[in-house]
Amino acid sequence: MPGAMTPRLIDHPLAQDALTTLRRAGTPREAFRAALHRIALLLAAGATERLHLAAAPVVTPLEGVDAPVLAGPLPCLVPVLRAGLGLLDGFLALMPAAPVAHFGAYRDHATLATVEYSFAAPTDLALRAAIVLDPMLATGNTAAAACTRLKAAGARDLAVACVLAAPEGLARLAAAHPDVTVTAIAVDRGLDERGYIRPGLGDAGDRLFGTG
Ligand code: URA
């Protein structure tokens, strides 16, 4: 697809196995949540792989040594409400002190357009990276809208972490925000006429929260 970005794919066997649990229609809610949490841990590790390190002097019980520490502040995590909340705890498990912004948007099922209803973010977005947590990068409209909103609020270093991406969503995001990197567990075949990723896993928010 022209203009599509190449996402960083997490092909770790545990991530791929957990994704199959998410895909299976009969997976109960509890198991769905647990599998999404495991995926979030691996996604968080992949999405933060390139954080910069600096050397800091530490004294072990035996001697002094220069040891690596994060060079900058932790990224701001930005779950897209509501399905992005299913990834948040896993990311916070690796970065317990990370600030959290919220981007609330839903998809108008008739037009597939993104309707924004809420945004709250820390004031220091210019000083740190931000990672948008959106399990399903489908049309890409919501992730692109989140990035636009975050840039308007000062963010300069943006990434998107998702479970599944559609080629259409990758192309849309790349067209709107060529500077934004994507980390995903898998890229699926494409979107159906209702904007669902195929083969996909259904509606991530509905399966997480029992609605729909
Ligand atoms: N959002 C979902 O939850 N699932 C899809 O397949 C597409 C968008």
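This is a predicted model: local features need pLDDT of at least 70, side-chain atom pairs count only at pLDDT 80 or more; totals for chains, interfaces and linings use all residues.
Residues are numbered from 1 along each chain as its sequence is written, and side-chain values rest on heavy atoms, with hydrogens and water left out.

Pockets were searched on a 1 Å grid over the protein atoms alone, a pocket being an open set of points where a 1.4 Å probe fits, with protein on both sides within 12 Å along at least five of seven lines, and lining residues having an atom within 4 Å of a point. Volumes refer to the space filled by probe spheres set on the points, which are joined across faces, edges and corners. The largest pocket has a volume of about 550 Å³. Its lining comprises 27 residues, with Ala83, Ala105, Arg107, Asp134 and Asp203 closest to the centre. At least two lining residues come from each of strand S4 (76–81), strand S5 (102–107), strand S8, helix H4 and helix H6 (204–209), where helices (H or I, at least four residues) and strands (E, at least two) are DSSP runs numbered from the N terminus. The lining of the largest pocket divides into 14 nonpolar, 9 polar and 4 charged residues, with Ala, Val, Leu, Ile, Met, Phe, Trp, Tyr, Cys and Pro taken as nonpolar, Asp, Glu, Lys and Arg as charged, and the others, Gly among them, as polar.

The second largest pocket has a volume of about 420 Å³ and is lined by 23 residues, of which Ala47, Arg50, Leu51, Ala129 and Asp157 lie nearest its centre. Strands S7, S9 and S11 each give two or more residues to this lining, which divides into 13 nonpolar, 5 polar and 5 charged residues.

Asp157 is also touched by Arg128, whose other contacts (heavy atoms within 4.5 Å) include Pro73, Leu74, Pro75, Cys76 and Pro99, when residues up to four places away in sequence are not counted. Arg128 is placed in the loop between strand S6 (114–120) and strand S7 (130–133), and it counts as buried at 15% relative accessibility, buried meaning under 20% relative accessible area, exposed over 50% and partly exposed in between (1.4 Å probe, protein chains only). The side chains of Arg128 and Asp124 are joined by a polar contact of 2.9 Å, a term for N or O atoms within 3.5 Å of which, within protein, one must be able to donate a hydrogen and the other to accept it, residues adjacent in sequence counting only if both atoms are side-chain atoms.

In helix H5 (residues 167–176), the buried residues are Gly169, Leu170, Ala171, Leu173 and Ala174. These residues pack against elements including helix H4 (141–152), strand S9 (158–161) and strand S11 (181–184).

A cis peptide bond with omega of about 0° joins Leu81 and Arg82, the latter lying in the loop between S4 and helix H3 (85–94). Another cis peptide bond, also with omega of about 0°, joins Arg198 and Pro199. Pro199 lies in the loop between strand S14 (197–198) and H6, where Gly202 is also found. Gly202 is partly exposed, with a relative accessible area of 35%, and is in contact with Met136 and Tyr196, leaving aside neighbours within four places in sequence.Finally, Phe103 and Phe119 form an edge-to-face pair, with ring centres 6.5 Å apart and planes at 70° (centres within 6.5 Å; stacked under 30 degrees, edge-to-face over 60, the rest tilted).

Notes: Rings of Phe, Tyr and Trp (its six-membered ring) pair if their centres lie within 6.5 Å; planes under 30 degrees apart count as stacked, over 60 as edge-to-face and the rest as tilted.
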